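I set out to look through one protein structure and to note what I looked up. The entries below keep to the order in which I worked.

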Amino acid sequence: MEIDLTPQLSKKVYGDNGGSYYAWSPSELPMLREGNIGAAKLALEKNGFALPRYSDSSKVAYVLQGSGVAGIVLPESEEKVVAIKKGDALALPFGVVTWWYNKEDTELVILFLGDTSKGHKAGEFTDFFLTGSNGIFTGFSTEFVGRAWDLEEKDVKTLVEKQTGKGIVKLDGSIKLPEPKEEHRKGMALNCEEAPLDVDIKNGGRVVVLNTKNLPLVGEVGLGADLVRIDGNAMCSPGFSCDSALQVTYIVRGSGRVQVVGADGRRVLETTIKAGNLFIVPRFFVVSKIADPDGMAWFSIITTPNPIFTHLAGSISAWKALSPTVLQASFNVDEGVEKLFRSKRTSDAIFFPPPN
């Protein structure tokens, strides 16, 4: 059965004047269900407050726009209050409770990508709210809440009746939420736009990879991630994940073209991609991208914490490793054509600048 790989935009799930929550649906992007991947975005207006919640899935969060504050409570740990800004990545393991707040004029937008293999619904995140009109207090009876928290019935009713917001509320400014602490940021967040580059190709592209060294919680999440930025008209070398991992890609800025080739040498996707698009490359399929003149950037997760890629162009490609006579026999060409093929792309780059 063929699966539609067409890139998709997210759609609003809920929200009010404090902000909105968006998600990608497996019904429109079937690879989410097939790959057990969830994808969503949280957009908070000024004074927007995303109520405390936990999820049925481990995730990587990436700040697409703005700045704000994140509250993070790992199981049996104290609350960490972290200042976040554009380019920050945070790993959110199972059981973590989070809240998010924007006190600035610029909208705060956060992308969430994660693994739903242990979730309630394949390809979708399910959040469980601690407070709000759909929070856990509204489900338990007055008796249970009173006994659990040692409260009188009238106090229980006050707690429940005051919770009118769902998921996101707008604060009036009189409530002063905890201020972020610099020491809380260590090990919790990494700014991908400021971190040392793992790949830097002149006029080509740059990569920052999230790993257990620069963001230890990535190991608990079980996902790899990276931020890739390529220059105008540059190309990302054709390649595939050789350890059966899926590549889940969100276009952060810019636009370009993408081609994906699958089994039997069939091109299964050829389209234009732009900021806001999400698409998924199936296991072992080969993908390549070419940026438009203004360049392009994307944030990806890979469904393994230590992904291994094989590139099919450049000096590190599988082609370069094969013997000359094997190439001649495989392509059914003479020595001259084989030498021409082998002599091109002699650098070990994975990004290629535009042709002269």
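**Entry 1: ground rules**

I noted that this is a predicted model, in which local features need pLDDT of at least 70 and side-chain atom pairs count only at pLDDT 80 or more, while totals for chains, interfaces and linings use all residues. I number residues from 1 along each chain as its sequence is written, and side-chain values use heavy atoms, with hydrogens and water left out.

**Entry 2: the chain as a whole**

I looked up the secondary structure and found eight helices and 23 strands in the protein chain. Helices (H or I, at least four residues) and strands (E, at least two) are DSSP runs, numbered from the N terminus. Along the principal axes, the C-alpha atoms occupy a box of roughly 90 × 40 × 35 Å. Of the 356 residues in the chain, 46% are buried. Here buried means under 20% relative accessible area, exposed over 50%, and partly exposed in between (1.4 Å probe, protein chains only).

I then consulted the UniProt record, an unreviewed entry, which annotates "domain: Cupin type-1" over residues 3-157 and 195-339. Its positions are given in the numbering used here, feature names are shortened, and annotations may be inferred rather than shown by experiment. For residues 3-157 I recorded 12% helix and 46% strand, with the end C-alpha atoms 50 Å apart.

**Entry 3: the second largest pocket**

I turned to the second largest pocket, whose volume is about 370 Å³. Pockets and cavities are found on a 1 Å grid over the protein atoms alone: a cavity is a set of points where a 1.4 Å probe fits but cannot get out, and a pocket is an open set with protein on both sides within 12 Å along at least five of seven lines; lining residues have an atom within 4 Å of a point. Grid points are joined across faces, edges and corners, and a volume is the space filled by probe spheres set on the points.

Which residues lie closest to the centre of this second largest pocket? Among its 20 lining residues, they are Val13, Tyr21, Ala23, Glu124 and Phe125. Strands E1 (11-16), E2 (19-23), E3 (37-44) and E11 (127-129) each supply at least two lining residues, and E1 gives the most, with three. By class I listed 10 nonpolar, four polar and six charged residues. In this scheme Ala, Val, Leu, Ile, Met, Phe, Trp, Tyr, Cys and Pro count as nonpolar, Asp, Glu, Lys and Arg as charged, and the others, Gly among them, as polar.

**Entry 4: the cavities**

I searched the whole structure for cavities of 30 Å³ or more and found two. The largest cavity holds about 150 Å³ of space. Its lining has 16 residues, with Arg53, Ser55, Lys59, Thr98 and Asp127 nearest the centre. Strand E4 (48-55) and strand E9 (97-102) are the elements that give two or more residues to this lining, and E4 has the largest share, three residues. The lining divides into nine nonpolar, four polar and three charged residues.

The second largest cavity holds about 40 Å³. I listed its lining as Gln8, Leu9, Ser10, Lys11, Ala23, Trp24, Ser25, Glu28 and Leu29.

**Entry 5: the cysteines**

How many disulfides does the whole structure hold? My search found zero, a disulfide being a pair of cysteine sulfur atoms within 2.5 Å. For Cys192 the nearest cysteine sulfur is that of Cys236, 16 Å away. Cys192 counts as buried because its relative accessibility is 0%, and Cys236 counts as buried at 12%.

**Entry 6: the salt bridges**

I counted 13 salt bridges, each a side-chain nitrogen of Lys or Arg within 4 Å of a carboxyl oxygen of Asp or Glu. One of them joins Glu78 and Lys80 at 3.8 Å, N to O. Glu78 is exposed at 52% relative accessibility, whereas Lys80 is partly exposed at 24%.

I also recorded a salt bridge between Arg147 and Glu143 at 3.9 Å, N to O. These two residues are four apart in helix H2 (residues 142-149), so about one helical turn separates Arg147 from Glu143. Arg147 is exposed, at 69% relative accessibility.

Glu153 and Lys157 form a further salt bridge, their closest N and O atoms 3.5 Å apart. Both belong to helix H3 (residues 153-162), where a spacing of four residues puts about one helical turn between Glu153 and Lys157. Lys157 is partly exposed, with a relative accessible area of 40%.
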